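Student: Could you show me how to read a few features of a protein model, one at a time? I would like the general idea and then the case at hand.

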Amino acid sequence: MRKIVIIGGSAAGMMAAIAAAEQDPDAEVTVVTRDRLPYRRPAIPALIAGYITGPAGAKIFSPETLGRYNIELICPAEVTNIEPKSKVISILSNGKEEKLAYDAAVIATGGHPLIPEIPGADKKGVCTFTTYEAAAEIVETAKTASCAVVVGAGFIALEIAEALMYKGLDVYFNVRSRILRKLVEPEVSEFLIHKFEQQGLRMLTGEAISEVGGKSSVEYVVHKGNKIATNLVVMGTGVKPNVALAEKCSIELGPSGAVKLDNRMQTSVVGIYAVGDCAESPDLGTGRFVYSPVGSIGASAGKIAGRNTAGANQETAGFLRAQADQILGMQIFSIGHSTTSAKEVSLKVNVHDLSPPESTGKERITKPFEVAKLLTDDNDKIVGAQLVAKKYGAQFAWQLYGAVLARENREEFLERFNSPRMKVAEALVHAIKSTVVVESVGEDKALALADTASQENTN
Amino acid sequence: MDKAIMINIEKCLACKSCEIACAVAHSKSGVLEEAVEELPRPQRMVTVEAAGEFGVPLQCRHCEAAPCIEICPTGAIQRFDEQAPVVVDADLCIGCKLCMLICPFGVLQIGPEGRAIIKCDMCLERMGKGQEPACVEACPTGALKLISLKEATKSKRREASKQLVKEVEQKKSKSEEK
Ligand SMILES: Cc1cc2nc3c(=O)[nH]c(=O)nc-3n(C[C@H](O)[C@H](O)[C@H](O)COP(=O)(O)OP(=O)(O)OC[C@H]3O[C@@H](n4cnc5c(N)ncnc54)[C@H](O)[C@@H]3O)c2cc1C
């Protein structure tokens, strides 16, 4: 019987385990994780906002689900070593050492928060939030704080800022360059900063805070020479791969510092796979390996690794990164490449503003979204898209996703995207396909409807 | 899937009875008086969208080739069989939000509690007991109706034939005028 051991019981690891069990129902699949129970990482802002009080409020991969697949979960337990020669994994559980033999193993140890080197960043009151335990400290500190400084640039730092605002704190958001730098174009960042400021988020832009001051705990931060009094500093400056175990058994790392893989998600050591926030992953289109620490890619890569541990031989051409979020009243979508991420894979891109077209008469539609960008390669094929909307962004996002996934020609796409008549037609086609039954109101009325609806979005 | 919730936007008063009924049906207590006190507030999975002179009470369309099922990297969104509605197994939802991005109707939401995706389950529980979905039952004007698709195409066909006859008659009378 095949023995498969998965190290790490979160999005990537659990999907590897499930896929392995599905591939080979007779295999003995074991997940070893440090967590007390598996939980949904993106629920951490809900913990800070007070909607849930612990990881149990966001638990996933319950014993029932794992039981269905005959997956054994060992937790909380620490994997301390992998010995590829003898194919044995050492674990520490309840203070006891244990050895687990494996035929194939998956490293899914996730990431660590990346903390910038700022003097004083080791003081009490400087928190991170990628685990429940770390976030619990934010909850504690926020109880007595009236003000918080969140340092970061990405979606999750913004989500934490929003959660703290919800708790009634005055929140400063410190970003060295610009928000969502890796995900959207400068103009989109600027637009969002403006909107977030209107919602009461206080932006500290231009440079990183230069100091975290106070005796043993945080009392203030310094930004551009100004002191800002605060007892809580949240570092949301990104994640770095947790490669401690991989390094211990001499598994090769890629240029990003994350575990290097082949297209089967196997590491440089035969029989050991790696997925999720600890590993690189191939970018769809270019096939170049990059560091994309998002759950959706982690889970997809996990499935491939899992199947391969259980005897399959599956390859991937690459993954399309796509993120959606709703922050302070704005829906934000980022699909595929931005100029920043394109640079990492040496892809030359052109940025196009995707303004709704000017047209006349019945065909006229007004601005249904706030800002949108299309990125194309030198052949005018769409490689990325970004969109910000107040309300009905999803209506456009799915079309953008399709265009990026298919590397559609920009002009062809725009012709479709910009024609209100086509939109109605598409909706109808989709309606038929999807058993949508909206009683027919006639084309004229439908167009008028689309028209007034889009006008309303702008108001 | 043969059963579908049909929306007749010309009958919608935008009274939002469907929204309330949905939230109550998916609350912990299932009773309005208690549901209003629950925290986090019970969520509604149908929303009446204002669209010009119309109100559109929109909920998951339970697409046949559902893009959300296809895009979900963990299999959390699924249907048990061809005739079943599209539902979320929160236990498998990792919160990556890809489904929100791909749904053309924008009817998937982030649940406030554990940030799993929530969506209309076509009142699976109620339907199991032989009841109609809460939104349908609550609609005072019949703007929301639970129909069988076979029935719907039949009534549409009838409407279309009527329309055709009307047009032919109009043309006839016009040519007679001349
Ligand atoms: C607030 C927030 C919002 C997010 N929103 C999104 C989103 O909208 N979309 C999206 O795609 N992604 C999102 N993410 C990112 C997503 O959650 C991560 O990419 C995902 O959790 C990565 O999964 P993973 O399995 O690689 O690692 P992790 O979730 O980091 O888990 C690592 C696992 O490894 C275990 N482990 C590590 N070392 C050891 C060891 N030595 N022994 C035993 N166990 C070990 C840990 O206990 C843990 O179970 C968000 C993250 C956060 C924090």
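Student: Is A:T267 buried or exposed?

Tutor: Buried means under 20% relative accessible area, exposed over 50%, and partly exposed in between, using a 1.4 Å probe and protein chains only. A:T267 has 7% relative accessibility, so this residue counts as buried. Keep in mind that this is a predicted model: local features need pLDDT of at least 70, side-chain atom pairs count only at pLDDT 80 or more, and totals for chains, interfaces and linings use all residues. Residues are numbered from 1 along each chain as its sequence is written, chains are lettered from A and ligands numbered from 1 in the order in which they are written, and side-chain values use heavy atoms, leaving out hydrogens and water.

Student: Where is A:T267 placed, and which residues does A:T267 touch?

Tutor: Helices (H or I, at least four residues) and strands (E, at least two) are DSSP runs, numbered from the N terminus. A:T267 is in the loop between α7 (244–248) and β18 (272–274) of chain A. Contact means heavy atoms within 4.5 Å. Not counting residues up to four places away in sequence, A:T267 touches several residues, among them A:I251, A:V259 and A:Y273. Its side chain also reaches the backbone oxygen of A:I272 at 2.8 Å.

Student: How do I read a pair of aromatic rings?

Tutor: A pair is described by the distance of the ring centres and the angle of the planes. Rings of Phe, Tyr and Trp (its six-membered ring) pair if their centres lie within 6.5 Å; planes under 30 degrees apart count as stacked, over 60 as edge-to-face and the rest as tilted. Over all chains, the count is three aromatic pairs. One of them joins A:Y39 and A:Y132, edge-to-face, with 6.5 Å centre to centre and 75° between the planes. A:Y39 lies in the loop between β2 (28–32) and α2 (44–49) of chain A, and A:Y132 in helix α4 (residues 132–144) of chain A, 93 residues apart. Both A:Y39 and A:Y132 are buried.

Student: How many residues of chain A and chain B are in contact, and what area is buried between them?

Tutor: The size of an interface is often given as the accessible area lost when the parts come together. Buried area is what two parts lose in this way, found with a 1.4 Å probe and summed over both. Here, 53 residues of chain A are in contact with 49 residues of chain B. About 4100 Å² is buried between chain A and chain B, and carbon and sulfur atoms give 62% of that.

Note on methods: A polar contact is a pair of N or O atoms within 3.5 Å; within protein, one must be able to donate a hydrogen and the other to accept it, and residues adjacent in sequence count only if both atoms are side-chain atoms.
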